[in-house]
Amino acid sequence: MRMVNFRVPYSARRGALFLVVVLVIGFLLLPGQLQSVFQEVGGPLGWIISWPLQAVAGIQDRIAGVWGRYVALQGVEEENQQLRRELDLLKEQNGQLREASVATERLSALLEFKKQVLPTSVAAQVIGRDTGNWYKTIILNKGASDGLQSDQGVITPAGVVGRVVKTTASTAVVLLVTDPNNAIAGLIQRTRDEGIVEGTTQGQARLKYIPLLSNARPGDHVVTSGLVEGFPRGIPIGTIIRIDKEEEALFQSAELSPEVDPNRVEEVLVIRSPSIPTEGERFGVPKRKP
């Protein structure tokens with residue numbers, strides 16, 4: 001019996017393999033186009049062949065959709081980063097504008113106070129601060145070339161800040177009212193008792209040499225008496241928070257809460273020529289008419 005030879009020639013197998021590879025690549029790369037071609041062929045064979053093409057086309061659509069969303073997300077991420085940078089810049093500008101607005105309000109109040117009360121005073125900004133163990137001082141951006149000199153009083157619309165103790169051509173050092181080495185003549189407004197205001201090591205102030213018969217009490221306001229050079233009468237210094245009276249002592253003393261917090265002062269007025277009240281003004285004697 002003679003056997004039938006079913007062996008396929010090598011060239012035919014290579015051709016079939018090439019055809020399969022072409023079909024697979026076509027399935028993967030051009031499923032939509034092949035699908036339309038096979039649908040045009042019609043009949044069961046076209047439907048059978050076009051069905052896997054539909055599946056491949058669906059996968060391609062989903063992959064394209066995912067890729068498109070990924071690309072879109074990349075764009076959104078870059079846009080978000082740009083928006084964050086713009087937001088940070090706007091926050092910084094907003095903070096600067098608010099700071100400028102607050103500074104403008106302070107300067108306006110200071111200049112209005114200067115215009116109404118002390119037109120000859122000099123407005124200055126605080127450019128340095130030393131609240132160490134030795135001296136409590138601040139440094140101003142105005143000096144001798146602006147007419148500043150030692151012993152001139154330094155105030156804000158709220159009250160006394162301190163006294164100039166040293167100047168250069170362009171700066172001035174101010175010893176704060178809360179420094180123990182400072183001494184300012186003070187007056188209790190309600191009782192009219194006078195004393196000397198000194199700073200304390202706790203950052204407060206104390207009114208010393210209050211007469212024993214004085215009925216000063218907590219809540220009384222203490223102002224400058226105008227008896228010494230540097231300050232006119234009536235500038236607020238502080239409020240009495242405690243009266244100290246020791247046995248056999250010749251005077252009372254009072255602890256004050258300063259009207260001005262020296263640690264928060266940013267602009268001040270330096271009094272160049274305070275109007276020292278006369279004895280008649282001190283005791284309320286009316287002026288003579290010319």
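Hi everyone, and thanks for coming. Before we start, please keep in mind that we are looking at a predicted model.

Let's begin with the barrel. Six strands form a closed barrel, in the order β6-β7-β8-β11-β10-β9, and their pairing is antiparallel. From one strand to the next, the twist averages 40°. As a reminder for anyone new to sheets, strands pair through backbone hydrogen bonds, in either a parallel or an antiparallel way. For one example here, take β7, residues 194-199, which pairs with β8 in the antiparallel sense over 4 bridges. Within that pairing, valine 197 has leucine 207 of β8 as its bridge partner.

Those two residues come back when we turn to the core. Which residues touch the most other members of the largest nonpolar core? They are Ile155, Val160, Val197, Leu207 and Val222, out of 22 residues in that core. Several elements each supply at least two residues: α3 (43-116), β6 (183-188), β8 (205-211), β10 (236-244) and β11 (251-258). The largest share comes from β8, with 3 residues. In soluble globular proteins, nonpolar side chains tend to be buried together.

Now for strand β12, residues 267-270. Which way do its side chains point? Glu267 and Leu269 point one way, Val268 and Val270 point the other way, and all of them are buried. In a regular strand, side chains alternate between the two faces of the sheet. Isoleucine 155, which we met in the largest core, stands opposite leucine 269 of β12.

Next, the aromatic rings. How many aromatic pairs does the structure hold? There are 2. One of them is tryptophan 67 with tyrosine 70, a tilted pair with 5.5 Å centre to centre and 35° between the planes. Both residues lie in helix α3, 3 residues apart, which is about one turn of the helix. Is tryptophan 67 buried or exposed? Tryptophan 67 counts as exposed because its relative accessibility is 55%, and the cut-off for exposed is over 50%. Tyrosine 70, at 45%, counts as partly exposed.

Then we have tyrosine 209 and phenylalanine 251, an edge-to-face pair, with 5.6 Å centre to centre and 90° between the planes. Tyrosine 209 sits in β8 and phenylalanine 251 in β11, so this pair ties together parts that are 42 residues apart in sequence. Tyrosine 209 is partly exposed, with a relative accessible area of 43%, and phenylalanine 251 is partly exposed as well, at 40%.

My last stop is serine 225, in the loop between β9 (221-224) and β10. Why does serine 225 count as buried? Its relative accessibility is 1%, and buried means under 20%. Leaving out neighbours within four places in sequence, serine 225 is in contact with Ala185, Gly186, Leu187 and Arg233.

Notes:
Residues are numbered from 1 along each chain as its sequence is written. This is a predicted model: local features need pLDDT of at least 70, side-chain atom pairs count only at pLDDT 80 or more; totals for chains, interfaces and linings use all residues. Side-chain values use heavy atoms; hydrogens and water are left out. A nonpolar core is a set of buried Ala, Val, Leu, Ile, Met, Phe, Trp, Tyr and Cys residues joined through side-chain atoms within 4.5 Å. Buried means under 20% relative accessible area, exposed over 50%, partly exposed in between (1.4 Å probe, protein chains only). Two strands pair if DSSP finds at least two bridges between them. Axes are lines fitted to C-alpha atoms, for helices over the stretch in contact, and angles run from 0 to 180 degrees between N-to-C directions. Rings of Phe, Tyr and Trp (its six-membered ring) pair if their centres lie within 6.5 Å; planes under 30 degrees apart count as stacked, over 60 as edge-to-face and the rest as tilted. Contact means heavy atoms within 4.5 Å.
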